[in-house]
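Colleague: I am new to this structure and would be grateful for a close look at a single part of it. Could you please take me through the aromatic pairs and their surroundings?

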Amino acid sequence: MPTEHYKVRVTKDHLVFCSGHFISYEGDKCERLHGHNYRATVEIEGRLDENSYVFDFVALKHRTKAITDELDHRMMLPTRNSFIRVEEGPQSVHVRYRDREWVFPRDDCVLLPIENTTAELLALYIARRLADDLVRLHGYRPAVLRVEVEESIGQSATCELRPS
């Protein structure tokens, strides 16, 4: 007898975040400051519950939107990059890469505990946050949690989390 396998997926026009960023690449190079209109897609795999669904679409959509809203209209800065230095002050964030430097208003920035603001690591950041929220708020741990971050049409990265 075949094994049943279930997955739910949410991707909506409101699961978007328009944010600025720049990344280091090829070891020690750094892009110019720019931005994207990102879109997030989330998939959860698991067994059916007593209501015959994997997880409530509405709750999944709301939790994902809460996370993407924190990134929306912000300058995303990686705090674990070995080439880009981020110094947080009470009113501003000072960022340095070699002889280049930027100063941003603190409220316009989101400091992310990642090495680089690539689509891959943004997907990881959202996936980890979402996984924590699902456990904390709903007592739910999916068999697989997949987050895709599209930074432009036809260009995306996906992160998949599985319990260890």
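Modeller: In this predicted model, the count of aromatic pairs comes to 3. One of them is formed by Phe 17 and Tyr 38, whose rings are stacked, with 4.7 Å from centre to centre and 10 degrees between the planes. Phe 17 belongs to strand β2 (residues 16-21) and Tyr 38 to strand β5 (residues 34-46), so this contact ties together parts that lie 21 residues apart in sequence. Phe 17 is buried, its relative accessible area being 0%, and Tyr 38 is likewise buried, with a value of 0%.

Another pair consists of Phe 55 and Tyr 140; the ring centres are 4.9 Å apart and the planes stand at 35 degrees, so the pair is classed as tilted. Here distant parts of the chain are linked: Phe 55 sits in the loop between β5 and α1 (57-71), whereas Tyr 140 sits in the loop between α2 and β11 (144-152), 85 residues away. Both Phe 55 and Tyr 140 are buried.

The loop that holds Tyr 140 leads on to helix α2. Just after α2, Gly 139 adopts a positive phi of about 60 degrees. Helix α2 itself comprises 20 residues (residues 119-138); at 1.5 Å a residue it should span 28 Å, and because its end C-alpha atoms are 27 Å apart, the two values agree. Among the buried residues of α2 are Leu 122, Tyr 125, Ile 126, Leu 130, Asp 133 and Leu 134.

Key:
Residues are numbered from 1 along each chain as its sequence is written. This is a predicted model: local features need pLDDT of at least 70, side-chain atom pairs count only at pLDDT 80 or more; totals for chains, interfaces and linings use all residues. Side-chain values use heavy atoms; hydrogens and water are left out. Helices (H or I, at least four residues) and strands (E, at least two) are DSSP runs, numbered from the N terminus. The expected span of a helix is 1.5 Å times one less than its number of residues. Buried means under 20% relative accessible area, exposed over 50%, partly exposed in between (1.4 Å probe, protein chains only). Rings of Phe, Tyr and Trp (its six-membered ring) pair if their centres lie within 6.5 Å; planes under 30 degrees apart count as stacked, over 60 as edge-to-face and the rest as tilted.
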